[in-house]
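Subject: Handing over the structure

Dear colleague,

Please find below the structure that I am passing on to you, with the sequence beside it. My notes on what was found in it follow directly after.

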Amino acid sequence: MKNKKITLSSGRKVELKEMSIDDIDYCTDITTIVMKNGEIETIGNISKSRTAWIRKGLAGGEFKQFKMNGKVVDDCVLKELTDDEKNELSNLIQEHQKVGE
């Protein structure tokens, strides 16, 4: 799988990268779901999970300053994104990581 260039609904161009299985598992395992009587009672760590997907799955794009902190995206990049962009980007990164197809 190669890096993929896409345009968010906001018009911002970004580049997604292929993540390792370990990174995918890490991001997936952050979200917690508490069940009570067979029903979902609470879902936790949604923001942490969203941030992890973006940190590990973003390779570049149209940012004032794109900077990496080791192998993950730096805070300065995340702070440029709106909540809508973060939500959309997290979902697109997850879709890009689909394996077994």
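I would begin with Glu85, which at 6% relative accessibility counts as buried, where buried means under 20% relative accessible area, exposed means over 50%, and partly exposed covers what lies in between, with a 1.4 Å probe and protein chains only. Before going further, please keep in mind that this is a predicted model, in which local features need pLDDT of at least 70 and side-chain atom pairs count only at pLDDT 80 or more, while totals for chains, interfaces and linings use all residues. Residues are numbered from 1 along each chain as its sequence is written, and side-chain values use heavy atoms, with hydrogens and water left out.

The side chain of Glu85 meets that of Arg12 in a salt bridge, at 3.0 Å from N to O; the term stands for a side-chain nitrogen of Lys or Arg within 4 Å of a carboxyl oxygen of Asp or Glu. Because Glu85 lies in helix α4 and Arg12 in the loop between β1 and β2, the pair ties together parts that are 73 residues apart in sequence. Arg12 is also buried, with a relative accessible area of 14%, and a network of salt bridges links Arg12, Glu80 and Glu85. As a general point, side chains of opposite charge can pair when their charged atoms come close.

Asp23 counts as partly exposed, at 25% relative accessibility. Another is formed by Arg55 with Asp75, whose closest N and O atoms are 2.4 Å apart; here too distant parts of the chain are linked, Arg55 being in helix α2 and Asp75 in helix α3 (residues 75-78), 20 residues apart. Both partners count as partly exposed, Arg55 at 23% relative accessibility and Asp75 at 36%.

As for the overall layout, the secondary structure of the chain comes to four helices and seven strands, these being DSSP runs numbered from the N terminus, with H or I over at least four residues for helices and E over at least two for strands. Read along the sequence, the pattern is β-β-α-β-β-α-β-β-β-α-α. The C-alpha atoms fill a box of roughly 50 × 30 × 25 Å along the principal axes, and of the 101 residues of the chain 32% count as buried.

Some loop residues also deserve a look. Gly11, in the loop between β1 (4-7) and β2 (13-16), is partly exposed, with a relative accessible area of 38%. Gly11 and Glu62 are 51 residues apart in sequence, yet 9.6 Å apart in space, C-alpha to C-alpha. Asn37, in the loop between β3 (32-36) and β4 (39-44), has a phi near 55°, a positive value in a residue other than glycine, and at 75% relative accessibility Asn37 counts as exposed. Asn45 likewise has a positive phi, of about 65°, although it is not a glycine; Asn45 lies in the loop between β4 and α2 (46-57) and counts as partly exposed at 33% relative accessibility.

On the surface, Ile33, Met35, Ile40, Ile43 and Ile46 form a nonpolar patch with about 500 Å² of accessible area together. Such patches are made of residues with over 30% relative accessible area and no salt bridge, like charges being joined within 9 Å and nonpolar side chains (Val, Leu, Ile, Met, Phe, Trp, Tyr) within 5 Å, and accessible areas come from the Shrake-Rupley method with a 1.4 Å probe, where for residues only the protein chains shown count as cover. β3 and β4 each supply at least two residues of the patch, while Ile46 is placed in helix α2 and counts as exposed at 52% relative accessibility.

I leave the structure with you.
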